[in-house]
Amino acid sequence: MIAAHHTYYTVNNLTAEAALQKLKEGNDRYVLDHVEHPHEGAQRRVDLSIAQHPFAIVLGCADSRVVPELIFDQGVGDLFVLRVAGHIADDAVIASIEFAVEHLGTRLVVVLGHERCGAVMAAIEHAFSEGKLNSLISYIEPAVKAGQEVGGDVVTNTVKAHVNLMVKALQSTDPILSHEGMTGTLKIVPAYYRLATGKVDFLDTI
Ligand SMILES: [Zn+2]
């Protein structure tokens, strides 16, 4: 029998640190192919029908290989996910993150870049088009210069530089997110996903 027996009017109450730990454990399961596929099915839908309380926000790429719920082994209602090519933080994306922070109480934001990102490669190659791609690429261009200044693989360096710049943009330019960050309860962390192994590297620790 399926019953709506929980009171889910409360917001998420996991701290940023606990949320990050949960993501790391889920990614470990994914890497080892020991996934649990939690929080799926009919009862979960009913439990969440009154309200959602996701414990982490993920800003990731639209790339079909980088699916946050799968790579962190989470289910319905666990993650508040924004996916857009090149994980750019434009106004609509930032507004969506603000919503989850202010109204759902989510305390962790992960900006998730990944190996061989097509949007980042387009920015490096200046692959301009007649359509809207130019405007998307303009968000990545600041990272291209940074990616070329260090040794090693240019695409990898540019993805990591871009992830860090998006984290800084969220931390410093948005009034709601920077205020919440200053209180010490909200954390915005950069991460990098490896396609073949499935491993997420958190680029700094909190
Ligand atoms: Zn990508």
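R29 and D73 form a salt bridge in which the closest N and O atoms are 2.7 Å apart. This pair connects distant parts of the chain, with R29 in helix 1 and D73 in the loop between helix 3 and strand 2 (79-83), 44 residues apart. A salt bridge here is a side-chain nitrogen of Lys or Arg within 4 Å of a carboxyl oxygen of Asp or Glu. Helices (H or I, at least four residues) and strands (E, at least two) are DSSP runs, numbered from the N terminus.

The model is predicted: local features need pLDDT of at least 70 and side-chain atom pairs count only at pLDDT 80 or more, whereas totals for chains, interfaces and linings use all residues. Residues are numbered from 1 along each chain as its sequence is written, and side-chain values use heavy atoms, with hydrogens and water left out.

### Salt bridges

The structure holds eight salt bridges. R29 also pairs with E36, and R29, E36 and D73 are linked in a network of salt bridges. Buried means under 20% relative accessible area, exposed over 50%, and partly exposed in between (1.4 Å probe, protein chains only).

A further salt bridge joins the side chains of D63 and R65. D63 is buried, with a relative accessible area of 14%, and R65 counts as partly exposed at 42%. In general, side chains of opposite charge can pair when their charged atoms come close.

| Salt bridge | N to O distance |
|---|---|
| R29 and D73 | 2.7 Å |
| R29 and E36 | 3.8 Å |
| D63 and R65 | 2.8 Å |

Helix 1 (residues 16-31) also contains N27. N27 counts as buried because its relative accessibility is 1%. Leaving aside neighbours within four places in sequence, N27 is in contact (heavy atoms within 4.5 Å) with I71, F72, G198, K199 and V200.

An unreviewed UniProt entry places the feature "binding site" at C61, D63, H114 and C117. These residues are spread over 57 residues of sequence but cluster in space, the largest C-alpha distance being 9.0 Å. UniProt positions are given in the numbering used here, feature names are shortened, and annotations may be inferred rather than shown by experiment.

D63 lies in the loop between strand 1 (56-60) and helix 3 (68-71). Not counting residues up to four places away in sequence, D63 touches R83 and H114. C117 is placed in the loop between strand 3 (108-114) and helix 5 (118-124), and is buried with a relative accessible area of 0%. With the same exclusion of residues up to four places away, C117 touches C61, G86, V155 and V159.

Seven of the seven residues of strand 3 are buried, so the strand is largely enclosed by the rest of the structure. L108, V110, L112 and H114 point one way from strand 3, and V109, V111 and G113 point the other way.

Strands pair if DSSP finds at least two bridges between them. Strand 1 and strand 3 run parallel and are joined by four bridges, with I57 standing opposite V109. Strand 3 and strand 4 (residues 187-193) also run parallel, joined by seven bridges. K187 in strand 4 is the bridge partner of L108.

### Helix 8

In helix 8 (residues 175-182), the buried residues are L177, S178 and E180. Seen down the helix axis, they fall within an arc of 165°, so they line one face of helix 8; the arc is that of the directions from the helix axis to the C-beta atoms. These buried residues pack against helix 4 (91-103), helix 7 (154-173) and strand 4. P175 and M182, on the other side of helix 8, are exposed. Just after helix 8, G184 takes a positive phi of about 85°.
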